[in-house]
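User: I'm new to this one and would like to know what stands behind the labels. Could you take me through it?

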Amino acid sequence: MSDLKNMYKTILGDPFPAEMTVRLGDKELVYRKRTWTLEGEEKGLRYGENPDQPAALYELAEGSLTLGGVTFRGPGKGLVSALTEEHMIQAGKHPGKTNLTDVDNGINMLQYLTAKPAALILKHNNPCGAAWSDKGIADALDKAFWSDRIAAFGGAVVVNRPMDKAAAELVNSAYFEVVAAPDFEEGVVDILKKRKNLRILHIPGMARLEELVNEPFLDFKCLADGGIIIQQSFRNRILSVDDFIPATAEKNGVQVAARKPTAQEAEDLLFAWAIESGVTSNSIIFARSGATVSIGTGEQDRVGCVELTVHKAYTKFADMLAFKEQNMSLYELKLKAQKDPALAEVLSDIEARTRAEKGGLMGTAMVSDGFFPFRDGVDAALAHGVAAIAQPGGSVRDHEVIQAVNEASPQVAMVFTGQRSFKH
């Protein structure tokens, strides 16, 4: 058993060279390996996705690229890849690939949420909770945490404003692996350092995220045979509520149009679509009042993803009640309720309230990263009280999907994004 535990503590040797050059036609991009001197020793990434995979982090250091009239992000604009020892305020066990890619995907989503203080908690490169709030970072982080308290365990916290003491206390009230912020207010680092293995990352470039929104980067996807697919990185076209497209469709000369969302519904759809850019496909997100309610990821069919996301919402809502009222997880409560009649009654009450509240889904805004090929996915959401939907549009059955929201009582709003947001 000790050998199994030790594999997570073992730091693999880094066999990768100090420099990597990529040549595209007559353009040359030079990447330099990022290492850190920690505890008197030069260290690179702890390991890759798994402990037996050596890995290295490279930063774009030289070169520029313009393709098809589009100029790609150049040197000097690094975020995670630009981390130095100074920025790694507390290295903990020092980061591996998954720690940094979680932070990176958090930044990817936060570039579209610069209008308000926002906080994300990520796990396995997907957000498990996200929120933005006019009240500040602490309020956003609290809402993100309670969106999915279970999945937040061991996650990465990424925020887009300087972290304050209230937010730091929230971080310390649970177990997290990483916290990353554009800055830390006075006294905050001392609070966070009470967690000795917490990786504390200062990423100053996060204060300028609005500059990166329309500037893509060169995105490499590697194949199992060693081949490479190159693509322009995703660029979100929905940067304000005015960018949504009215949901209309025609079939056999009959035109149908969906209700327009209210101001609050439109803002929640805007927020959720920004989060969608960082969620593995197929995916569905439910959000309300600037916070995610449930996030479904990586399903093979659209209606199945809706059903999974609904199930998660009910589970997380019941867990929230159990933890706040009984100081135990839903699963602990279920186990103890098997032998304790009083706790069995408590569990029954929590489950009844969860059903009555439809898992917190009533009045939510829902986004889908792809269009609905059938109305079944929409109908599955409508059954739980969703109030507004954003989806790419473009299905041959758009008219049926719009009919579904128009038949709902009360009528549900729908808009099109005009773009898909797949992430694989």
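**Labels and the values behind them**

User: What makes α8 and α9 count as roughly perpendicular to each other?

Analyst: Helix α8 (residues 302-326) and helix α9 pack at an angle of about 75°, with their axes 8 Å apart. Angles under 35 degrees count as roughly parallel, over 145 as roughly antiparallel, 65 to 115 as roughly perpendicular and the rest as oblique. The angle of about 75° is therefore put in the roughly perpendicular class. In this contact (heavy atoms within 4.5 Å), α8 brings T315, A318, D319 and A322, while α9 brings L330, Y331 and L333. By class that is five nonpolar residues, one polar and one charged. Here Ala, Val, Leu, Ile, Met, Phe, Trp, Tyr, Cys and Pro count as nonpolar, Asp, Glu, Lys and Arg as charged, and the others, Gly among them, as polar.

User: Before we go on, what kind of model is this, and how are residues numbered?

Analyst: It's a predicted model, where local features need pLDDT of at least 70, side-chain atom pairs count only at pLDDT 80 or more, and totals for chains, interfaces and linings use all residues. Residues are numbered from 1 along each chain as its sequence is written, and side-chain values use heavy atoms, with hydrogens and water left out. Helices (H or I, at least four residues) and strands (E, at least two) are DSSP runs, numbered from the N terminus. Axes are lines fitted to C-alpha atoms, for helices over the stretch in contact, and angles run from 0 to 180 degrees between N-to-C directions.

User: How do you know whether H202 is buried or exposed?

Analyst: Buried means under 20% relative accessible area, exposed over 50%, and partly exposed in between (1.4 Å probe, protein chains only). H202 has 19% relative accessibility, so it counts as buried. This residue is found in strand β13 (residues 199-202). Leaving aside neighbours within four places in sequence, H202 touches L83, H87, I89, A181, P182, D183 and F184. Its side chain also reaches the backbone oxygen of P182 at 3.0 Å.

User: What makes F271 count as buried?

Analyst: F271 is at 0% relative accessibility, so the buried label applies. F271 lies in helix α7 (residues 263-276). Apart from neighbours within four places in sequence, its contacts include L113, W132 and T292. Its C-alpha atom is 9.8 Å from that of M109, 162 residues away along the chain.

User: Which residues of α12 are buried, and what do they pack against?

Analyst: In α12 (residues 398-407), the buried ones are D398, H399, V401, I402, A404 and V405. They pack against β17 (248-251), β18 (254-257), α11 (376-382), β22 (388-391) and β23 (413-416).

Terms used:
A polar contact is a pair of N or O atoms within 3.5 Å; within protein, one must be able to donate a hydrogen and the other to accept it, and residues adjacent in sequence count only if both atoms are side-chain atoms.
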